[in-house]
Amino acid sequence: MKFVALVKMHRRTADFKGWMEVYEELGGEDMVWHIPEGVKLLDSVHCLSHFDLIAFYDAPDGETAEMFLQELEPYASVERILGIPCVICENTLELV
């Protein structure tokens, strides 16, 4: 099952100084995301929009999907959404 995680940093951690504090608390240069068993990170991007980070990932079920990025929850809101295939997107990819 494919999921999308939309991450918005809390106001107190959204500026650069706040994010650097989070970065250090989570391990600094050695920081890596905790990946629950069965989850595969497909892609992620930082955004210049309402969200600060968007991650695309596979998970075997919704319960496992909810565990991904839990370490960010003290610092950010994390919305996890189940994705379904887009027929138009698939057709477009076939044309490329």
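User: When do two strands count as paired, and how are strands assigned?

Analyst: Two strands pair if DSSP finds at least two bridges between them. Strands (E, at least two residues) and helices (H or I, at least four) are DSSP runs, numbered from the N terminus. This is a predicted model, where local features need pLDDT of at least 70 and side-chain atom pairs pLDDT 80 or more, while totals for chains, interfaces and linings use all residues. Residues are numbered from 1 along each chain, and side-chain values use heavy atoms, without hydrogens and water.

User: In what order do the four strands form the open sheet?

Analyst: In general, strands of a sheet pair through backbone hydrogen bonds, either parallel or antiparallel. Here the order is β2-β3-β1-β4, with antiparallel pairing. Because β2 (40-46) and β4 (76-83) stand at the edges with a single partner strand each, one side of each has no neighbour in the sheet.

User: How many bridges join β1 to β4?

Analyst: Eight bridges link these antiparallel strands. K8 stands opposite S77 in β4.

User: Is T64 buried or exposed?

Analyst: Buried means under 20% relative accessible area, exposed over 50%, and partly exposed in between (1.4 Å probe, protein chains only). T64 has 11% relative accessibility, so it counts as buried. T64 is found in helix α2 (residues 62-67).

User: Which residues does T64 touch?

Analyst: Contact means heavy atoms within 4.5 Å. Not counting residues up to four places away in sequence, T64 touches P36, E37 and V39.
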